[in-house]
Amino acid sequence: MAKLSKKQKEARSKIEKDKLYSVDEASALVKEITTAKFDASVDLAVRLGVDPRKANQMVRGVVTLPHGTGKDVKVLALVTPDKEAEAKEAGADFVGLNEYLDKIKGGWTDVDVIITMPSVMGKLGPLGRVLGPRGLMPNPKTGTVTMDIGKAVSEVKAGKIDFKVDKTGIVHAAIGKVSFSPEKIAGNAKELLETLVKMKPAAAKGVYMKSVFMSSTMSPSLQLDPKTV
């Protein structure tokens with residue numbers, strides 16, 4: 001087992017063993033226990049009482065974080081010429097169609113989100129093997145397949161993220177940066193958690209929100225009290 005550095009030991013000493021923190025407490029403490037020299041991401045890991053193998057218990061959706069993600073999200077708009085100006089005005093980093101489809105076929109995926117139109121989805125099908133594993137395939141459920149290209153681009157740039165429960169029943173999401181104030185971290189965390197609560201599948205029985213952990217890149221994790229959500 002790797003030895004802990006002096007800073008890591010100091011960070012761990014600030015965490016009370018077996019304590020369940022409120023969202024506000026964790027949002028303040030996560031800043032104190034982060035030892036990374038860069039502006040680390042703050043992440044939530046939420047274990048849900050669902051069986052993702054069953055279609056009626058799949059939890060997937062989008063949420064607009066009130067204080068943004070703190071990340072400069074690179075957006076590719078795959079659109080027809082008549083929609084190019086709209087995408088550019090909304091702030092899309094890359095705009096076009098066939099030239100970018102060719103680049104993706106060649107392995108280029110240097111973007112965070114791809115937004116496209118229903119009429120273009122047929123051309124993206126063959127690229128599923130490239131885009132799917134990277135979480136880049138546009139989906140109507142997450143608002144990335146739409147005719148309102150400008151609105152979709154603006155929302156993603158403003159802090160809209162999509163989330164999906166994984167095969168182990170956990171939702172992972174980045175909710176901001178350590179440089180954010182505790183109030184902004186807490187505001188984003190609460191927005192995501194409240195969205196998950198509202199999305200509880202009718203078929204899910206028993207305890208829905210089993211555990212919630214907050215951490216930053218390379219920091220210890222803090223367990224939150226689900227009852228405070």
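User: In this predicted model, does Asp18 count as buried or exposed?

Analyst: The relative accessibility of Asp18 is 69%. A residue is classed as exposed when this value is over 50%. Asp18 is therefore exposed.

User: Where is Asp18 found, and what is its phi?

Analyst: Asp18 belongs to the loop between α1 (6–13) and α2. Although Asp18 is not a glycine, its phi is positive, at about 70 degrees.

User: Which loop holds Met218, and what is the relative accessible area of this residue?

Analyst: Met218 is not a glycine, yet it has a positive phi of about 75 degrees. The loop that holds Met218 lies between β8 and β9. Met218 is exposed, and its relative accessible area is 59%.

User: In what order do the three strands of the open sheet lie?

Analyst: The edge strands are β4 (94–96) and β5 (113–116), each of which pairs on one side only. Strand β3 (residues 75–78) pairs with β4 in the parallel sense over three bridges. The pairing in this open sheet is parallel, and the order is β4-β3-β5.

User: Which residue in β4 is the bridge partner of Leu78?

Analyst: Strand β3 covers residues 75–78 and is joined to β4 by three bridges. For Leu78, the bridge partner in β4 is Gly96.

User: Which strands does helix α7 lie across, and at what angle does α7 run to β5?

Analyst: Helix α4 (residues 98–105) lies across β3, β4 and β5, and runs at about 115 degrees to β4. Helix α7 (residues 149–158) lies across β3 and β5. The angle of α7 to β5 is about 165 degrees.

User: What covers the buried residues of α2?

Analyst: Helix α2 (residues 23–32) has Val23, Ala26, Ser27, Leu29 and Val30 as its buried residues. The elements that cover them include α8 (182–198), β8 (209–216) and β9 (222–224).

User: Which element supplies the largest share of the largest nonpolar core?

Analyst: The largest nonpolar core has 38 residues, of which Leu44, Leu196 and Met214 touch the most other members. At least two residues of this core come from each of α2, β1 (41–48), β6 (160–164), β7 (170–177), α8, β8 and β9. The largest share is six residues, supplied by α8.

User: How many residues make up the second, separate core?

Analyst: Val73, Leu97, Tyr100 and Ala152 are among the members of this second core. The core is separate, and its residues number 29.

Terms used
Residues numbered from 1 in each chain as written. Predicted model: local features only at pLDDT ≥ 70, side-chain atom pairs only at ≥ 80, totals over all residues. Heavy atoms only, no water. Pairing = 2+ DSSP bridges. Helix = DSSP H or I, 4+ residues; strand = E, 2+ residues; numbered from the N terminus. Contact = heavy atoms within 4.5 Å. Axes fitted to C-alpha atoms, helices over the stretch in contact; angles between N-to-C directions. Buried < 20%, exposed > 50% of the residue type's maximum accessible area, 1.4 Å probe, protein only. Core = buried A, V, L, I, M, F, W, Y, C linked by side-chain atoms within 4.5 Å.
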